[in-house]
Amino acid sequence: MQQFDLQHFIAGRTAAINQALDRFLPPAGAKPGTIHRAMRYSLFAGGKRLRPALCLAAADACGGEEGEAMPLACAVECVHTYSLVHDDLPAMDDDDYRRGKLTNHKVFGEGIAVLAGDALLTQAFEIAARCKGWPRYSHQTIVLELARAAGSLQLIAGQVADLEGEGKRTSAKQLQYIHERKTSALLCCSVRLGGMSANCTRTQLKALTDFGYNVGLAFQIIDDILDITQTSEQLGKTAGKDTATQKATYPAIVGLEKSRRIAKNLTERAFAALKVFRGKAVALEALADFLLRRDR
Ligand code: GRG
C-alpha cells in the first residue's frame, strides 16, 4: 500500500464535514427549538463520519472535487444518524448510550427522538434534492440512489430482519442478508454517490459498488467482533448487547477467528476492486484497511 496519512485525511475531512453539516441544518435556535436541538444533539455527538469520509474519498479516486461530493456526504450522514436515533429507541434496541453520550430519547424523550430521526431523514433528501446533478447522473438519479439504500428493501429490510430474528436461530446466509442491508447498503451508497459527484464512468461505478459492498460487510463483521471484545467505554455504546439480546452475529455463528478471517478476505476483495483506479484510490484503500483494524 502506498504511504498515505490517513489520520490527517480523517481529521481534515471530519472538520470539513462538520462545518458543512452545520450549514445544511436549520440553526439550533430555529423554531421549534426542541426538534432542532435534538437533531443537532445526535448529529454532532461525535460519530466517526466514516460514510461521508468514504464518499469524499470515492470522489477523489474518480478525479472529482470534494466540494461537489460534500452535500451528498452530508446527506448520507443524516440518513445514518436518523437510523441510529431510531435504532436506540425502546421499541427497537432500547439503548441508553450512543457515541459516548446519552441516547436521543434519554435526553429529549421518545416523541421528540422519533421526530428528530424523521427530520434527519427528511433533511437528507432536501440536501440531495438541492444538488445540481452531473452529466452522467441527474439529480433524480442521485435522489433515487439514496432512497433505495434507505428504503424498505435495504436499510429498513435489514432492520426488520434483525428485529424479527432476535432470540431465533439464524443461518449464516440469513445473517449475510441482514448485514448486506443494515450496513453494507448505506456504505455502498456513500461511495457510489461520491463517484457520481465526480461524474464517474460505468467501470468506476461498478468498482465502487464492489468496494462498498465488501467493505460494508467487513465493517459489520468487525462491529460484531468489537461488541464482544471491547468495553462500553471503548465503544461509546453498550458493549455485549448482541449476546444479551441473543442477536445473530458472525462470532456467534462461525466463531471469533473465522469471523476475523472473513472480514480480512472481504477487505482484500475490496482492495482488488480498486485496481481500476490505478493508484488514485489511496484514501479508499487506507480507509478500508483502517476499518478492518479499528477498535471502536
Ligand atoms: C432504524 C431504519 C433503522 C435502521 C437501523 C443503523 C441500524 C439500522 C442499527 C444500529 C445498529 C447497527 C449495528 C447498525 C449497523 C451499522 C453500524 C455498525 C452502525 C454504527 O456505525 P458507526 O460505527 O457509528 O459508523 P458512528 O456513531 O461512528 O457514526
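**Close-ups of a predicted model**

**View 1. Polar side chains at the ligand.** In this predicted model, a polar side-chain atom of Lys 48 sits 2.6 Å from an oxygen atom of the ligand. Arg 51 also brings a polar side-chain atom to the ligand, 2.8 Å from an oxygen atom. For His 80, an N or O atom of the side chain is 2.8 Å from a ligand oxygen atom. On its own the ligand has 710 Å² of accessible area, and the protein covers 93% of that.

**View 2. Helix H3 against helix H9.** Here H3 (residues 50-61) packs on H9 (residues 172-197) at an angle of about 35 degrees, and the axes are 7 Å apart. The crossing is right-handed. On the H3 side, look for Arg 51, Leu 54, Cys 55, Ala 58 and Ala 59; their partners in H9 include Leu 186, Leu 187, Ser 190 and Val 191. Sorted by class, this contact has eight nonpolar residues, four polar ones and one charged one.

**View 3. Two backbone spots in loops.** Most residues other than glycine have a negative phi, and most peptide bonds are trans. Lys 31 and Pro 32 are joined by a cis peptide bond, with omega at about -5 degrees. Pro 32 belongs to the loop between helix H1 (6-24) and helix H2 (33-43). Arg 49, in the loop between H2 and H3, isn't a glycine, yet its phi is positive, about 60 degrees.

How values were computed:
Residues are numbered from 1 along each chain as its sequence is written. This is a predicted model: local features need pLDDT of at least 70, side-chain atom pairs count only at pLDDT 80 or more; totals for chains, interfaces and linings use all residues. Side-chain values use heavy atoms; hydrogens and water are left out. Axes are lines fitted to C-alpha atoms, for helices over the stretch in contact, and angles run from 0 to 180 degrees between N-to-C directions. Helices (H or I, at least four residues) and strands (E, at least two) are DSSP runs, numbered from the N terminus. A crossing is left-handed if the near helix is turned anticlockwise from the far one by less than a right angle, and right-handed if clockwise. Contact means heavy atoms within 4.5 Å. Ala, Val, Leu, Ile, Met, Phe, Trp, Tyr, Cys and Pro count as nonpolar, Asp, Glu, Lys and Arg as charged, and the others, Gly among them, as polar. A polar contact is a pair of N or O atoms within 3.5 Å; within protein, one must be able to donate a hydrogen and the other to accept it, and residues adjacent in sequence count only if both atoms are side-chain atoms. Accessible areas come from the Shrake-Rupley method with a 1.4 Å probe; for residues, only the protein chains shown count as cover.
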